[in-house]
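Here's a quick briefing to keep open beside the structure. It goes from the core to the chain contacts and then the domains.

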Amino acid sequence: MSISKEAYTVLESIVGAEYISDDPAVCEGYRSGPGGYESGLGYERVMTVIPGCVIMPNSTEEVQRIVKVCCRYNIPYVPYSTGFYGPRSHPHVDGALLIDLKRMDEIDIDDKHWFAVVGPGAIYSPLQEEAMKRGGYVVIGGGGAQASVIANLIGDGWSPLSHRIGLPHRRILGTELVLPDGELVRMGSLAQQDDPFWGEGPGPDLRGLLRGYTGLRGCLGIVTKMAVKILPFQPERLEPTGISPHTSLALPEKRVKWINFVVPNKEAQVKAMFEIGKAEIAGAVTKVPLFWRAIAKAECKEEFWDLWGKENSDSINKFFIVRVLLIGFTSEEQMQYDERVLMDIMTEVGGEARPTKPSDESWIKNADSAGMWMMCGSYVSVDYVIETLSQATQHGETYADLKWKYTPPLMPDYGDPGWFQSFELGHQGYSEFLVYWDQDQDTNGVDLFYVDTAKMNIKNRAYTSLLGPHQPLYLTGPKYGPNYHTWLLRVKEEFDPQWVCHPPVPLAHDVFMERAPWMKSMKDWEVPKDLPK
Amino acid sequence: MDAKEKLGKLVGAENFSDAPEVLLEYSQDFSLSPPGMPNYVVKPKDAQEVQKIVSFANENKIPVVPTSSKVHFYGATIPRQGGIVLDLSRMNKILEVDADNRRVRIEAGVTWEQLTRELRKKGFRIIMPLLPHAERSVLTDYLERVVPTNTVYDYGEPLQAMEVVWPTGEIFRMGSASVDGYPDSLSKGGNPSGPGLDFYRFFQGAQGTMGVVTWANLKVESIPVMDKVFFAPVDDVEYAIEFLYRILPRRVGQECLLLNNVDLAAILAEQWPDEFERLLTTLPPWTLILVVSGLLRRPEEKIAYEEKFLGEVLKNEFPEMHLAENLPGFPGLHKKLLPLLRNPWPADVPYWKNRYTGACQNLFFITRPVLASQFMYMVEEMAPQYGYPVSDIGTYFQPIEHNRACHLEFHFFYDPTNDVDKERVRIMYRDIAQALLDEGAFFTQPYGELAPLVYEKAASYAMTLRRVKKVFDPNNIMNPGTLCF
């Protein structure tokens, strides 16, 4: 269903005929999937539709005018930059206007004050390259370097490099937000002048509206400009090498070096992370799932399964690695100091350094997420949570236990407890648990597992990234805060009383639960009768 | 039941007062803000009592002014529309010290003196602003975004998950403390963000207008094993700031700041006024202070590489910067200054900003370091027009996060018993603030008279703030008349 001709004409006058289309062929290009994050699951099948129209503004003023027209004509709209975050960043209702922001791709770097001003269409890849030319770096999230910087920073925004600065919120500076009713609010120093160098205030900090830990999927407005922090790095060039897809960055070994350590057991692994944090050394400290090694080595799906097929529960249970990135932020001598301290710690915990390639294939360069669905076709992170190392190092095991019940359709991983690492020099810990499946199989079990993890976290009193629009709001809401959902919904009502901004988010997973018959057995909580249908 | 009877029952008679002499204590502070009387003062013992008081106030639309510190400098807790002063000083428990995760959980009434003392026993410290008053609430100061003297950590703010009582009376835990049953939970409260929205952001810089924070988790750091304090006398402040642009992004040093002779003399002087006067004339115009620390492991080696880096930069790029372990003419200064930087100002000594003339008006804001000297020049041009001598202006430059920004603070000293002097400084303060604002100074904490100036310039922000405030505080009971509410 397309939007009315009358509204179309008004919208066309804002951007010009070249940048609006309701041609079904164009709209089809914005269909969620196939392949990739959360692809092929019930949520995608039940909740996503192609847009009725696509528009591509080129300025904040155009975005404001478009949103005001949507409010006037009651047209649901969805902000969209690169669409990496799978079904949840695609339209959920018929006749929606998809506002594609990729033309707003400015990147303007202030290297004296360590920030870049970016538009919502700007992606990480050029930002990282330009930051590094100036002796800085940015943290590219798991979405990959092809992801929008802004979309990533208001929904995700971390990687192993978050050992130095964990919460992505802390990297958001002056920001411009078009509210769901089309009003513009400028935050931080942008509130009073055309300079975005500072993020807070004045007074209470309205950046609280932007994301809420893991994002609101665009249901509270459209960010049209953001200044983001760049972190000081080191001066040597990281040289791109190889031919796609086998590319990497050659590391200047006196200033940047990965070292993999094998440690005797999990206690040693956890202790090493705590001690590295307390010693305030390193640029990344992480432990990744074993199957990532197979992903990194394999050049195709078949090779992955050849490698992975050699593993078993025993090999998983005896695999304890700590991967550490050393960076000579100050000087070569500083990196030597870090290495000596690191070796002291590893000696204490019984760790042994293993030969490690003098290159970076993933986290500095581009967070190479594209390979992550190679082996099965589809994947999703059922948690990617920042808490403390106390939670992070135990959390994955609860997922692994629950996962047996849903394997298959989930990929067999022999009880691998996932990924954990240090954030903010050990003040925080991060855990992530990824699941994979073949989208050609019956995936209802994946949908059930996904919601079952929310119940598990509630029962275990664990914090989780999958709150807000990522799980049924009426399931998690009463159990966190408590009743955070009531405040979230009141804020939504205040700024979007018509619910035109990406409806029915943040209630989309609640609606999915109502619509998907195979989810009925899972639902044992109350929802109001007037839930959007 | 009237308010007096109800409140007395909620907290017990000994923790309730409407005696004029008690109310008077809460009606004024060390700022130039006009006095304002509350009707009642209550001192709850825990979040449940806070909840009951706030619920009662909300039902009856009675203003509530939360206060946690025992001393105030900005007028933020002076009631503007009467009501209840919610004094949280009894809620002063250090609830947890979590050594593994380097985290402490404290109630709102915990003071700098109390926290630094207790943490030291366990080998920890919390990064601190410059010489906070011993009786200030740590939690309030961090909610109000005090700027730490430590510039090396990328993550800046130490605030983590916390608990609040909403203006409508519900208790709510934020971030990863939001899990059911916290703190008896897998989640420890290390993440302030979420659930759903970043609610905690609304409480930062809010001056008690968004609700009542009852406890919070804060990051703590290990106490360095050894330190070297370096000083450089500075005539050309722009040169010193360029030096900071060069060295701080390379992650050297812990505490780092610039003080002019007036502020440094006020901090160092012990014999008043003689020693202060002598220091004023003998100290250099500016002094750069940089602390290089050896941490828990291989402390000598850490200091060595930082010193080597500094030495090379000084020799090759900044030959006029004479950084040394002593300020020429002031032997022993390093021994005196380090404890000052790592401790609050003692409660039994007049506060360092108030020692000179009895009171001090602080003017501070955030800017780019490269613009600092321009703002200093403006202040020095304007102050004499109000009869205030440039030689009496205290100035403090605090680099933030690798010197990507800075906190610039001016101190105007006055005699609080002299009404003419007070009025002169008040007018000067307002006029200078307006001029600085017009030139781009960013006042993230707009106290008192600054609020209307700032929000007039940030109109759309103020409008959105009011909409958010309406959601959480529909009856505008929390500290009404403050900020733009």
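The largest nonpolar core holds 323 residues, and A:Ile99 and B:Phe412 touch the most other members. A nonpolar core here means buried Ala, Val, Leu, Ile, Met, Phe, Trp, Tyr and Cys residues joined through C-beta atoms within 7 Å, with buried meaning 20 or more other C-beta atoms within 10 Å of a residue's own, C-beta atoms being placed from the backbone. This is a predicted model: local features need pLDDT of at least 70, side-chain atom pairs count only at pLDDT 80 or more, and totals for chains, interfaces and linings use all residues. Residues are numbered from 1 along each chain as its sequence is written, while chains are lettered from A and ligands numbered from 1 in the order in which they are written.

**Around A:Ile99**
- Skipping neighbours within four places in sequence, A:Ile99 is in contact (C-beta atoms, placed from the backbone, within 7 Å) with residues including A:Ile55, A:Pro57, A:Tyr77 and A:Ile222.

**Where the chains meet**
- On chain B, 73 residues are in contact with 79 residues of chain A.
- The largest share of chain B's side, seven residues, comes from α15(B); helices are DSSP runs (H or I, at least four residues), numbered from the N terminus.
- That side of chain B splits into 30 nonpolar, 20 polar and 23 charged residues; Ala, Val, Leu, Ile, Met, Phe, Trp, Tyr, Cys and Pro count as nonpolar, Asp, Glu, Lys and Arg as charged, and the others, Gly among them, as polar.

**Domains of chain B**
- Chain B is divided into domain 1 (3-87), domain 2 (94-222), domain 3 (224-341) and domain 4 (353-444), with bounds from an automatic or database domain assignment.
- Seven residues of domain 2 of chain B are in contact with 12 residues of domain 3 of chain B.
- Domain 2's side of that contact has three nonpolar, four polar and no charged residues.

Note on methods
Buried ≥ 20, exposed ≤ 12 C-beta atoms within 10 Å, placed from the backbone. Contact = placed C-beta atoms within 7 Å. Helix = DSSP H or I, 4+ residues; strand = E, 2+ residues; numbered from the N terminus.
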